[in-house]
Amino acid sequence: MHHRRRFAAWALALAPITIVVALGTPSCSSKSAGGAQLASGCSLNSDCADPLVCIFALCHQACNETRDCTTAGDLCVKINGNGVCELPQEVTCAGGKSCQQGLTCSNSQCRTPCQAASASTDCLQNQQCANGACYDPTELDGGGEGGGGEGGTTEGGGTESGIKDAGYEANYEAGPLGYVASNLGAINVADGGFPVTPEGGVPLFGTDGGIDWSAAPTVTVTGTCTSTQCLPAPVIVTLQDQAGFTFPTSVYFMSALTVDSSAVLQFNEPRPIILAVLGPVDIQGTVTVAGSQYFGGNGATTWAGTSSPQGPGAGGNGFTPNFTASGGGGASFCGIGGAGSAVSGTAAPGGSVYGNATITPLLAGSAGGYVDGYQWGAGGGALQISSGVEIHVRGVGVVNAGGGSAYGGGGSGGSILLEAPTLFLEGFVTAN
């Protein structure tokens, strides 16, 4: 797992492995009477000395405001509807350190996530929502009174003030997610607010614009469906690979995403996919961009219109003048594909290696070499999920970007990039 930009990121490209991570949970306490002190282990509130409460399996001090916290540097955050003082080890998220579940990293500190439109319920009573997280008024320029500093006007007509910190400028550019998502650059508004769709209904998109996040829906997928059936319409942006080739990419904006255990979310469009989600992503079922078709479906069609429509890592084509008695070679991505099986003469080779481990830019897999002009395995697609809170792939959850098979060469696996303040990977994340 790569820790980058103060959030956890998991990048997977052409990985011939299945990742299984099991996370344990605290067992119920066997104590008959609570008396644990601050920061001691617990499972129930009654395990802690009154009036301490059990949060994150440790005893915490309750609070209504940060000034209620007796330890210098602690923050009062809202967890499960109640205010608690973070322990010193829970406050900072600098240097790639992750926050506890339910908190988000903002300005190098773990805070309660929020949206401007629902700040009154997301944050504690005296706090304000700025840069996607709850802040005390004393932490904001102008003390939260009116339009001080570099704050931008929010959807509701109020103003958000600038965060006072040495790292303010870099963090402010991060926008609503709380960090600059990979492959999106400065897509979010530069002032850190929630942009408004301009007159005419066309979303702003660029260095000083963004998407109307207040209109981003909460999506729950309950059955088998394609992206056009159960997701909001995407915004199409342009990415560029290392060779300078530009290609369209679909970006879906949501407030939260849940894929139920019996559900399958299938992306069939011929573009890389970015899911930008303000809140949590809960994958109990299957999300797939796998190349399951012949003739280079899904990921491979990303390369349509290029000099190599099968992709930059396409395998050698079989039964051609160069490889007269050979099957098609396997496609490559970050690893090299296998050679085709030759009856005689030279075997069609695997494709050329391309891409990088950080999956920036977001590239798809390539198709295998064809046989007699047809029948090649499709390349796996490219999927990025960026959440402002957490991504949870549960034990029965699957995220799949595998390559397809055919009578020709097999397609290479695509790529999967998961990034959020917190990742829980209990299921299967595969790009075989």
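## Salt bridges

D282 is buried, at 15% relative accessibility, where buried means under 20% relative accessible area, exposed over 50% and partly exposed in between (1.4 Å probe, protein chains only). In this predicted model, local features need pLDDT of at least 70 and side-chain atom pairs count only at pLDDT 80 or more, while totals for chains, interfaces and linings use all residues. Residues are numbered from 1 along each chain as its sequence is written, and side-chain values use heavy atoms, with hydrogens and water left out.

The side chain of D282 meets that of R394 in a salt bridge with an N to O distance of 2.6 Å. This pair links distant parts of the chain, 112 residues apart: D282 belongs to strand β18 (residues 281-283), and R394 to the loop between β21 (390-393) and β22 (398-400). R394 is partly exposed, at 32% relative accessibility. A salt bridge here is a side-chain nitrogen of Lys or Arg within 4 Å of a carboxyl oxygen of Asp or Glu. Side chains of opposite charge can pair when their charged atoms come close.

The whole structure contains two salt bridges under this criterion. R67 and E65 form one of them, with their closest N and O atoms 3.0 Å apart. R67 counts as exposed because its relative accessibility is 71%, whereas E65, at 27%, is partly exposed.

## Overall architecture

The chain has four helices and 25 strands; helices (H or I, at least four residues) and strands (E, at least two) are DSSP runs, numbered from the N terminus. Of the 432 residues in the chain, 53% are buried. Among contacts with a separation of 6 or more, 57% are between residues 24 or more positions apart, contact meaning heavy atoms within 4.5 Å.

## The loop between β19 and β20

S366 is located in the loop between β19 (286-288) and β20 (382-387). S366 counts as buried because its relative accessibility is 0%. Its side chain reaches the backbone nitrogen of G313 at 2.9 Å and joins the side chain of Y354 in a polar contact of 2.9 Å. A polar contact is a pair of N or O atoms within 3.5 Å; within protein, one must be able to donate a hydrogen and the other to accept it, and residues adjacent in sequence count only if both atoms are side-chain atoms.

A342 lies in the loop between β19 and β20 and is partly exposed, at 34% relative accessibility. Beyond its neighbours within four places in sequence, A342 contacts A325, S326 and A347. The C-alpha atoms of A342 and A325 are 5.6 Å apart, with 17 residues of sequence separation.

## Cavities and pockets

Three cavities of 30 Å³ or more are found in the whole structure. On a 1 Å grid over the protein atoms alone, a cavity is a set of points where a 1.4 Å probe fits but cannot get out, and a pocket is an open set with protein on both sides within 12 Å along at least five of seven lines; lining residues have an atom within 4 Å of a point. Grid points are joined across faces, edges and corners, and a volume is the space filled by probe spheres set on the points.

The second largest cavity has a volume of about 50 Å³. Its lining includes T66, R111, D136 and E139, and divides into four nonpolar, three polar and three charged residues. Ala, Val, Leu, Ile, Met, Phe, Trp, Tyr, Cys and Pro count as nonpolar, Asp, Glu, Lys and Arg as charged, and the others, Gly among them, as polar.

The second largest pocket has a volume of about 330 Å³. Of its 19 lining residues, P113, L278, G279, P280 and V389 are the closest to its centre.
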